[in-house]
Amino acid sequence: MSPKPLNTVLIGLGMVADTHVNAIAKLNGKVQLKGAFARGQEVARDYALKASSICGNTCNVYPTIEAVAADKELDFVIIATPANVRMELIKLFIAAKLPILLEKPIERTSEAALEIVELCEANNVPLGIVFQHRVRTASVKLKEMIDSGDLGKLAMVNVEAPLWRAQSYYDEPGRGTYERDGGGVLLTQAIHTLDLMLSLTGDVTDVQAMSRTTAIHQMESEDFVTAGLTFKNGAIGSLLATTANYPGGNECITLHFDKAVAKLDRGTLDIFWRDGRTESYGENSEITDAGDPMAFKSSWHGSVIADFADAITQQRAPMATGREAMKVHRLIDALVASSEQKKTTTIPTDI
């Protein structure tokens with residue numbers, strides 16, 4: 001007999017909602033989408049019909065967010081709202097003891113993000129963050145090779161997120177503002193690449209950065225960041241992140257070890273051994289349109305959701321906890337502060 005599926009509800013029915021629904025539909029009964037919630041009831045009803053047809057079960061519409069929190073049949077919630085409306089939602093679900101899977105970022109500022117993390121920890125409510133780059137086949141393989149020690153000692157890191165967003169993307173209300181999003185390319189796009197980097201390299205201790213808004217975009221926050229990085233393990237590195245790179249390029253992390261160079265180019269991993277050998281791993285059907293905000297596979301979200309469901313069932317920590325996500329929040333803070341102060345910034349270790 002198959003285990004009973006865990007029930008979840010999707011809160012926030014914007015750009016990434018379809019990805020979550022399609023991901024849940026492919027989890028072979030591990031998770032069931034019991035309902036959907038949005039501030040507009042008509043939007044929620046229309047979306048619930050769509051989700052029902054995709055998932056093959058009735059997706060309910062909750063009249064209020066309090067009704068979601070009161071549903072005793074729910075096993076966890078997925079929050080995919082803008083970052084500026086999360087705090088009260090999360091406090092409500094903490095009171096209901098409902099585990100929370102949260103789209104990045106945790107909140108707009110590190111102070112607010114840490115408050116959420118500490119509230120969840122103090123009340124023993126599991127908090128997972130959707131960092132889907134970690135679960136790609138190539139990412140998992142590289143992590144295994146690093147942990148095995150086969151690649152040797154890390155010496156240098158190059159990180160590139162040379163993306164493109166048209167002005168129409170930033171013309172949407174609140175997009176790229178500090179009030180709604182908390183920042184620009186770092187907190188909205190490059191956060192995924194930076195989190196993946198940290199999961200592979202270990203912590204960054206110091207940064208020297210320049211953060212600007214190019215003449216390409218009319219927006220409040222930054223669309224271009226370049227920086228030098230110093231890592232706890234002694235490695236040094238560089239970062240380039242932008243949404244002004246038309247027509248867009250692939251996010252790429254290149255790690256230089258003393259035995260080999262590992263190049264992680266979205267879903268593909270190439271290993272260049274220093275004795276002349278080469279190896280390649282990853283997915284052949286990779287999405288390549290870096291100008292499309294939704295240019296990623298729903299299966300990546302599916303792996304994150306499945307891991308969170310297993311974490312609840314097995315009473316273990318999820319793949320990316322809120323506490324661990326604070327590392328990338330602190331790194332982004334340091335990059336912005338370094339640019340503003342025009343000096344090297346040290347990242348706090350009290351996370």
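What we are looking at is a predicted model, in which local features need pLDDT of at least 70, side-chain atom pairs count only at pLDDT 80 or more, and totals for chains, interfaces and linings use all residues. Residues are numbered from 1 along each chain as its sequence is written, and side-chain values use heavy atoms, with hydrogens and water left out.

By a cavity I mean a set of points, on a 1 Å grid over the protein atoms alone, where a 1.4 Å probe fits but cannot get out, and its lining residues have an atom within 4 Å of a point; a volume is the space filled by probe spheres set on the points, which are joined across faces, edges and corners. The lining of this second largest cavity includes Leu 101, Ile 129, Val 304 and Phe 308, and its largest share, three residues, comes from helix H9, where helices (H or I, at least four residues) and strands (E, at least two) are DSSP runs numbered from the N terminus.

Let me move on to the rings, where a search of the whole structure finds three aromatic pairs, meaning rings of Phe, Tyr and Trp (its six-membered ring) whose centres lie within 6.5 Å, with planes under 30 degrees apart counted as stacked, over 60 as edge-to-face and the rest as tilted. Phe 308, which we met in the cavity lining, forms an edge-to-face pair with Phe 76, at 5.4 Å centre to centre and 70 degrees between the planes. Because Phe 76 lies in strand S4 (residues 76-79) and Phe 308 in helix H9, the pair ties together parts that are 232 residues apart in sequence. Both Phe 76 and Phe 308 are buried, which here means under 20% relative accessible area, with exposed over 50% and partly exposed in between (1.4 Å probe, protein chains only).

Trp 164 and Tyr 246 form another edge-to-face pair, 5.2 Å centre to centre with 85 degrees between the planes. Trp 164 counts as buried because its relative accessibility is 17%, whereas Tyr 246, at 62%, counts as exposed.

Technical notes
On a 1 Å grid over the protein atoms alone, a cavity is a set of points where a 1.4 Å probe fits but cannot get out, and a pocket is an open set with protein on both sides within 12 Å along at least five of seven lines; lining residues have an atom within 4 Å of a point.
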